[in-house]
Amino acid sequence: MTGTEFEDLVASLCRRDGCTQVRRVGGANDNGADVVGRLPDGRTMVIQCKRYTPSSTIASRELRDLLGAKVHFGADLAVFVTTTRFSRPSERFAVQHGILAAHRDHLGLWNNGTSLLSLSEVNGSGQGDSRHRARWKRAYEK
């Protein structure tokens, strides 16, 4: 899947969940947003999508960029969706600034029918226990 296809997937998941005015705006000069739209309750959202290898980690600076995009677009909610995981500092930053940080496990739940807004209930709750992380490292950090 290309980066554009990943952004299209995220946009389609938003539409499935009842979001409106959803459009992909990613690409060069996207001002830090890949998808914008309105949540089912009418609030505006801006989404950054990162399709990285499983061994990568999302750094805090990428969340700071999204926070800037939230301000630029005047959005009510910022969402960062990734195929990998967040560093501990970046996960803390997301929670502190009200960013919904959807890592690979959340993306799997979302793709299998869990709504986007339901993910906010588990935002910042970590990325698996120590056994889960050990299995993940054995599988991807070779």
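Student: At what angle do α2 and α3 pack, and how far apart are their axes?

Tutor: Before the answer, note that this is a predicted model, in which local features need pLDDT of at least 70 and side-chain atom pairs count only at pLDDT 80 or more, whereas totals for chains, interfaces and linings use all residues. Residues are numbered from 1 along each chain as its sequence is written, and side-chain values use heavy atoms, with hydrogens and water left out. Helices (H or I, at least four residues) and strands (E, at least two) are DSSP runs numbered from the N terminus, and axes are lines fitted to C-alpha atoms, for helices over the stretch in contact, with angles from 0 to 180 degrees between N-to-C directions. On that basis α2 and α3 pack at about 20°, with their axes 8 Å apart.

Student: Which word describes the orientation of α2 relative to α3, and why?

Tutor: Angles under 35 degrees count as roughly parallel, over 145 as roughly antiparallel, 65 to 115 as roughly perpendicular and the rest as oblique. The angle here is about 20°, which makes α2 and α3 roughly parallel.

Student: Which residues of α2 and α3 make the contact?

Tutor: Contact means heavy atoms within 4.5 Å. From α3 the contact involves Pro89, Ser90, Phe93 and Ala94, and from α2 it involves Ser60, Leu63, Arg64 and Leu67.

Student: Why can the buried residues of α3 be said to line one face of the helix?

Tutor: Buried means under 20% relative accessible area, exposed over 50%, and partly exposed in between, with a 1.4 Å probe and protein chains only. In α3, residues 88-96, the buried ones are Ser90, Glu91, Phe93 and Ala94. The arc is that of the directions from the helix axis to the C-beta atoms, and these buried residues line one face because they fall within an arc of 160°.

Student: Which residues of α3 are exposed on the other side, and what do its buried residues pack against?

Tutor: The other side of α3 carries the exposed residues Arg88, Arg92 and Gln96. The buried residues of α3 pack against β4 (57-58), α2 (60-73), β6 (85-86) and β7.

Student: In what order do the strands of the open sheet lie?

Tutor: Two strands pair if DSSP finds at least two bridges between them. Strand β3 (residues 44-50) pairs with β5 in the parallel sense over 6 bridges, and β5 (residues 77-82) runs parallel to β7, joined to it by 4 bridges. The open sheet has 5 strands and mixed pairing, in the order β1-β2-β3-β5-β7.

Student: Which strands stand at the edges of that sheet?

Tutor: An edge strand has a single partner strand, so one side of it is left without a neighbour in the sheet. The strands in that position are β1 (20-24) and β7.

Student: Which residue of β5 is the bridge partner of cysteine 49, and which residue of β7 is in turn its partner?

Tutor: Cysteine 49 has valine 81 of β5 as its bridge partner. Valine 81 is also bridged to a residue of β7, namely alanine 102.

Student: Which way do the residues of β7 point?

Tutor: In a regular strand the side chains alternate between the two faces of the sheet. In β7 (residues 99-102), all of the residues named here are buried: Ile99 and Ala101 point one way, and the other way point Leu100 and Ala102.

Student: Is threonine 84 buried or exposed?

Tutor: Threonine 84 is found in the loop between β5 and β6. Beyond its neighbours within four places in sequence, threonine 84 is in contact with residues including Tyr52, Pro54, Ile58 and His103. Its relative accessible area is 0%, so threonine 84 is buried.

Student: Is glutamate 121 buried or exposed?

Tutor: Glutamate 121 lies in the loop between α5 (116-119) and α6 (130-140). With a relative accessibility of 68%, glutamate 121 counts as exposed.

Student: What is the phi of glutamine 21?

Tutor: Glutamine 21 is found in strand β1, and its relative accessibility of 58% means that glutamine 21 counts as exposed. Its phi is positive in a residue other than glycine, with a value near 50°.
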